[in-house]
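Here is a short note to read beside the model. The points run from the single chain to the pair.

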There are 2 protein chains.
Amino acid sequence: MDLTETFLDGEQIFDGHLLQVRRDTVRLPDGATATREYVRHPGACVVIPELRPGVFIFERQFRYPVGEVFIEFPAGKRDAGEALLVCAQRELKEETGYVAAQWTHLGRTHNCIGYSDECIEIFHATQLQQLGQSLDAGEFVELFEMTLDEAEAAVRDGRITDAKTITCLFWARQLAR
Amino acid sequence: MDLTETFLDGEQIFDGHLLQVRRDTVRLPDGATATREYVRHPGACVVIPELRPGVFIFERQFRYPVGEVFIEFPAGKRDAGEALLVCAQRELKEETGYVAAQWTHLGRTHNCIGYSDECIEIFHATQLQQLGQSLDAGEFVELFEMTLDEAEAAVRDGRITDAKTITCLFWARQLAR
């Protein structure tokens, strides 16, 4: 069966400081029409920074939409026209102060397919060197280290719930096998 | 350091058919103020349906915001006032036709902490019995089975990129250990 939904008509219906929302009318596989409302996102990168074999750098950051401090890998939104690797390198440096000599693109994840086109590219960074954080204004990040086993235990006991970070731990475990 | 950002003022700035967007002014840890724009979401459930030991039911579904067919575990949004387990049972039955005699709540994941308060509760369903799909109007879902090894391979080669599904595969691997 062809599951594709086809664009018929649409428009941007909300243009915020951060969020842009579109509403499209689509043709469904059975010929009926439906409305699809979703966020347009420029894309993002997340970095798995491996400081020493099996030891990773994590961040604690308050995430206002949920109202909680989250344990995360470094991540951030792509600037307009920015290459994926450049975005990953910039976010790692800004948020953690580290630069990495070795970068590997592992894959990508879509974190919100119900109502956003966001795609997050996943990078593994090794051979790290500390050069000093340069956080954006209004950005507050605490750094700490965990092993892969410790991070997996933190998922099991509910301390890590961020989906992109759990996705990265999935990848880190695949690399460790 | 206290990383908390505190609500000062705010309002709903967009009220769509599906999406509600708020814009709040917050006090940052250093006393400065900032604007936070985000989607309000009622919450969701995702189900890991284990048909036989080590064999899981997956869906193929077209996701219009991204414009691709995704491989996913069954999931869906909570109805107003609906209990989490009831939501999980309803979504599994509607999308796959299965009911399960055994349900375990494993944990939760936040899939979009940058701009949504969405929280997805993760359930493991076993002792399944097929009673027939009852999809919502405009919903088109294909079902198929994979082992955990096959699903992990599908993440590695890029066929599975959905973050909630990869998060569930993380949990399924923890259960299998």
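1. Domain bounds here come from an automatic or database domain assignment. On that basis chain A splits into domain 1 (6-40) and domain 2 (44-176). The C-alpha centres of domain 1 and domain 2 of chain A are 30 Å apart.

2. This is a predicted model, in which local features need pLDDT of at least 70, side-chain atom pairs count only at pLDDT 80 or more, and totals for chains, interfaces and linings use all residues. Residues are numbered from 1 along each chain as its sequence is written, while chains are lettered from A and ligands numbered from 1 in the order in which they are written.

3. Confidence comes next. pLDDT is the predictor's confidence in each residue, from 0 to 100. Chain A averages 95, and 100% of the residues score at least 70. The model has ipTM 0.96 and pTM 0.96.

4. Now the interface. Two residues are in contact if their C-beta atoms, placed from the backbone, lie within 7 Å. By that rule, 55 residues of chain B contact 55 residues of chain A. H3(B) gives the largest share of chain B's side, seven residues. Helices (H or I, at least four residues) are DSSP runs, numbered from the N terminus.

5. How are the chains related? A rotation of 180° with 0.0 Å of shift along its axis superposes chain B on chain A (RMSD 0.0 Å). That is the relation of a two-fold axis. The same surface serves both copies: 100% of chain B's contact residues recur in chain A. The superposition is by least squares on the C-alpha atoms of residues with pLDDT of at least 70 in both copies.

Technical notes
Helix = DSSP H or I, 4+ residues; strand = E, 2+ residues; numbered from the N terminus.
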